[in-house]
Amino acid sequence: MKKLLAGWLVVVAALIAAEPLAAHHSLASFDTTTPIRLKGTIIRFHEINPHSFLYLEVPDEKGQIQRWAVEGPAIFQLQRRGFATDALKPGTVIEVCGYAPKEPTIWQIASTAPGSVNLAGRLLDAEMLVLADGKEQSWGDYGVHKCFSPGYRDVHSR
């Protein structure tokens, strides 16, 4: 009986531990009902795993600059897709479309603290980029949702 109980406890613990991993690899924490489009200037591109990040400066309606951290796929995914990351140089103006978090992130909270200096400011999980040449490029790693033009066909989907 004790072995059976211990076995079930191990199974339950494994399932509980796996839940955050599943949530991490989804858009569950992002508001996918409202895509956000931004046009801004790249200030930095981090080619890191498990997610790459573009940092943009985007002027708001009043002309004030807002900084955004744009989350994207891992570098190995970009390489597998044949994505030319040299198109993401600082100073390049691009458009991104994606989804903001449902709740404020630690980045947003930290950026509002008095005297704080924050590279990111706001977070966006991007699904699509429009490069300087006007080409739409799949950027997200969770499929095609609401950012693409009608008729867009992701050449990487199966």
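Tutor: Gladly! Let's begin with the elements: helices and strands are DSSP runs, numbered from the N terminus. Keep in mind that this is a predicted model.

Student: In what order do the elements of the protein chain run from the N terminus on?

Tutor: The order is α-β-β-β-α-β-α-β-β. That gives the protein chain three helices and six strands.

Student: How do I see which strands lie side by side?

Tutor: Look for bridges between them. S1 and S2 run antiparallel and are joined by five bridges; for instance, Ile42 stands opposite Leu56 in S2. These two strands form a hairpin with five residues between them.

Student: How many bridges join S2 to S3?

Tutor: Eight bridges, and this pair is antiparallel too. S2 and S3 also make a hairpin with five residues between the strands, where Gly63 takes a positive phi near 85°.

Student: What should I know about the side chains along a strand?

Tutor: In a regular strand the side chains alternate between the two faces of the sheet. S4 is largely enclosed by the rest of the structure, because five of its seven residues are buried.

Student: What share of the residues of the protein chain counts as buried?

Tutor: Of its 158 residues, 34% do. The accessible surface of the protein chain comes to about 10000 Å², and 59% of that belongs to carbon and sulfur atoms. As for contacts, among those between residues at least 6 apart in sequence, 61% join residues at least 24 apart.

Student: Now the disulfide. What is the general idea?

Tutor: A disulfide is a covalent bond between the sulfur atoms of two cysteines. This structure holds one: Cys97 and Cys147 form it, with their sulfur atoms 2.1 Å apart. The link has -75° about the S-S bond and is left-handed.

Student: Which parts of the chain does the pair of Cys97 and Cys147 tie together?

Tutor: Cys97 lies in strand S4 (residues 93-99) and Cys147 in the segment after strand S6 (136-138), so the pair ties together parts that are 50 residues apart in sequence.

Student: Are Cys97 and Cys147 buried or exposed?

Tutor: Both are buried.

Student: How do I read a salt bridge?

Tutor: Look for a side-chain nitrogen of Lys or Arg within 4 Å of a carboxyl oxygen of Asp or Glu. The count here comes to two salt bridges. In one of them, the side chains of Glu95 and Arg37 meet at 3.0 Å, N to O. This pair links distant parts of the chain, with Glu95 in strand S4 and Arg37 in strand S1 (residues 36-46), 58 residues apart. Glu95 has 22% relative accessibility and counts as partly exposed; Arg37, at 46%, also counts as partly exposed.

Student: Which residue forms a salt bridge with Arg67?

Tutor: Glu57 does, and the closest N and O atoms are 3.0 Å apart. Glu57 is in strand S2 (residues 52-59) and Arg67 in strand S3 (residues 65-72), ten residues apart. Arg67 is also the bridge partner of Glu57 in S3. Glu57 is partly exposed, with a relative accessible area of 24%, and Arg67 counts as partly exposed at 33%.

Student: Last topic: how are aromatic rings compared?

Tutor: A pair of aromatic rings is described by the distance of the centres and the angle of the planes. The structure holds three aromatic pairs. The rings of Phe45 and Trp139 have centres 6.2 Å apart and planes at 50°, so this pair is tilted. Phe45 lies in strand S1 and Trp139 in the segment after S6, so the pair ties together parts that are 94 residues apart in sequence. Phe45 and Trp139 are buried.

Student: Is the pair of Phe53 and Tyr55 stacked or edge-to-face?

Tutor: Phe53 and Tyr55 are stacked, at 6.2 Å centre to centre with 20° between the planes. Phe53 is buried, with a relative accessible area of 13%, and Tyr55 counts as buried at 10% relative accessibility. To finish, find the cluster in which ring pairs link Phe45, Phe83 and Trp139.

Note on methods. Residues numbered from 1 in each chain as written. Predicted model: local features only at pLDDT ≥ 70, side-chain atom pairs only at ≥ 80, totals over all residues. Heavy atoms only, no water. Disulfide = S-S within 2.5 Å. Helix = DSSP H or I, 4+ residues; strand = E, 2+ residues; numbered from the N terminus. Buried < 20%, exposed > 50% of the residue type's maximum accessible area, 1.4 Å probe, protein only. Contact = heavy atoms within 4.5 Å. Areas by Shrake-Rupley, 256 points an atom, 1.4 Å probe, with all protein chains shown as cover. Pairing = 2+ DSSP bridges. Phe/Tyr/Trp six-rings, centres within 6.5 Å; stacked < 30°, edge-to-face > 60°.
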